[in-house]
Amino acid sequence: NELLLEVEDLHVEFRTSDGVANVLNGVGYSVHAGETLAVLGESGSGKSVTAQTVMGILDMPPGVITAGAVRWRGEDLLTASEERRREVRGSEIAMIFQDALSALNPVFTVGFQIEEQLRVRLGMSKKDARKRAIELLDTVRIPAAERRIKDYPHQFSGGMRQRAMIAMSLALDPDLLIADEPTTALDVTVQAQIMDLLGEIQAERKMGLVLITHDLGVVAEVADRIAVMYAGRIVEQADVVELFRAPAHPYTAALMDSLPRLDLKGQTLETIKGLPPSLLDIPPGCPFHPRCKRAEARCSEEVPPPHGIGFGRTSACHFAEEVVNSRA
Ligand code: SF4
Ligand code: MG
């Protein structure tokens with residue numbers, strides 16, 4: 001399948017009054033058409049900032065891109081004109097967010113917001129735009145679309161708003177959708193429905209999907225590949241089956257051990273000790289070493305670069321091979 005997005009060695013700092021926060025420290029991933037990449041990490045690990053950099057919506061300043069490339073079908077977006085970036089945004093790469101209320105404009109009807117994109121960006125007539133907007137609401141399974149299209153965002157439930165935002169993101173028929181914690185604010189049942197919907201839409205349209213989440217549980221069912229982020233780095237990248245079979249990084253292993261399992265009754269869940277580091281003061285060597293059960297002396301001195309360990313996997317641990325073998 002076609003290679004759509006390539007993020008390469010991306011470095012981003014935030015220059016704050018407290019000093020320089022090293023928010024991204026060499027992030028790289030790629031997404032092909034028809035593929036779902038889950039980007040997994042705790043809050044502050046850099047998953048949203050990476051997405052915002054890809055979309056060209058990073059707040060600059062305080063954000064500064066100090067190195068790296070974002071290639072869209074081979075074209076570097078970081079050096080592209082603002083006009084070209086606006087073209088790509090929405091019509092080729094679209095993004096949805098955790099909070100649909102902030103993405104939707106409260107003073108306009110849901111229908112108007114979808115139709116406006118179709119009229120302004122695609123030059124559709126009012127009538128055609130209305131027809132297409134109703135189709136889009138149908139696609140995301142909003143019942144009685146012809147009536148609900150005249151509602152304002154606040155008249156929708158949380159789940160329906162999320163569907164409306166998905167409909168809006170599909171209006172220009174993007175090839176890649178970036179979903180930043182799209183279900184985090186919803187209750188569990190609605191979460192599952194929205195994830196199913198995203199999965200179906202992705203498969204039907206053979207879109208690329210980047211699913212940003214802090215929830216390893218969500219990832220297993222929908223992702224083809226997973227990139228695990230920690231302190232502005234990707235510490236492990238693997239096919240989902242391989243990763244669940246045996247993690248190749250102690251951080252991934254720790255995340256898995258803190259996941260409740262249905263097949264183990266009366267288990268004690270292990271939590272990861274300590275907190276993620278401050279990005280103003282990332283520990284030397286492996287950034288995970290103060291929390292790592294496997295750490296050795298070398299870990300606080302040498303930064304482990306991501307390296308291939310077979311099956312298209314990478315791990316940024318000095319002992320990746322041992323870790324994966326011990327868990328297999
Ligand atoms: Fe742990 Fe060392 Fe591997 Fe880092 S490099 S994850 S500290 S074992
Ligand atoms: Mg975030």
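Student: Where is the place of Pro62?

Tutor: Pro62 is in the loop between α1 and β4. Helices (H or I, at least four residues) and strands (E, at least two) are DSSP runs, numbered from the N terminus. This is a predicted model: local features need pLDDT of at least 70, side-chain atom pairs count only at pLDDT 80 or more, and totals for chains, interfaces and linings use all residues. Residues are numbered from 1 along each chain as its sequence is written, chains are lettered from A and ligands numbered from 1 in the order in which they are written, and side-chain values use heavy atoms, with hydrogens and water left out.

Student: Is the bond that joins Pro61 and Pro62 cis or trans?

Tutor: Cis, with omega about 10 degrees. The peptide bond from Met60 to Pro61 is cis too, with omega near -15 degrees. Most peptide bonds are trans.

Student: New topic. What is phi of Ala231?

Tutor: Near 50 degrees, a positive value in a residue other than glycine. Ala231 lies in the loop between β9 (225-230) and β10 (233-239).

Student: Is Ala231 buried or exposed?

Tutor: Buried (under 20% relative accessible area, with exposed over 50% and partly exposed in between; 1.4 Å probe, protein chains only). Ala231 has a relative accessible area of 5%.

Student: And Phe311, buried or exposed?

Tutor: Phe311 is exposed, at 66%. Its phi is positive as well, near 55 degrees.

Student: How many residues surround ligand 1?

Tutor: 13, each with a heavy atom within 4 Å of the ligand. The closest are Cys286, Cys292, Cys299, Cys317 and His318.
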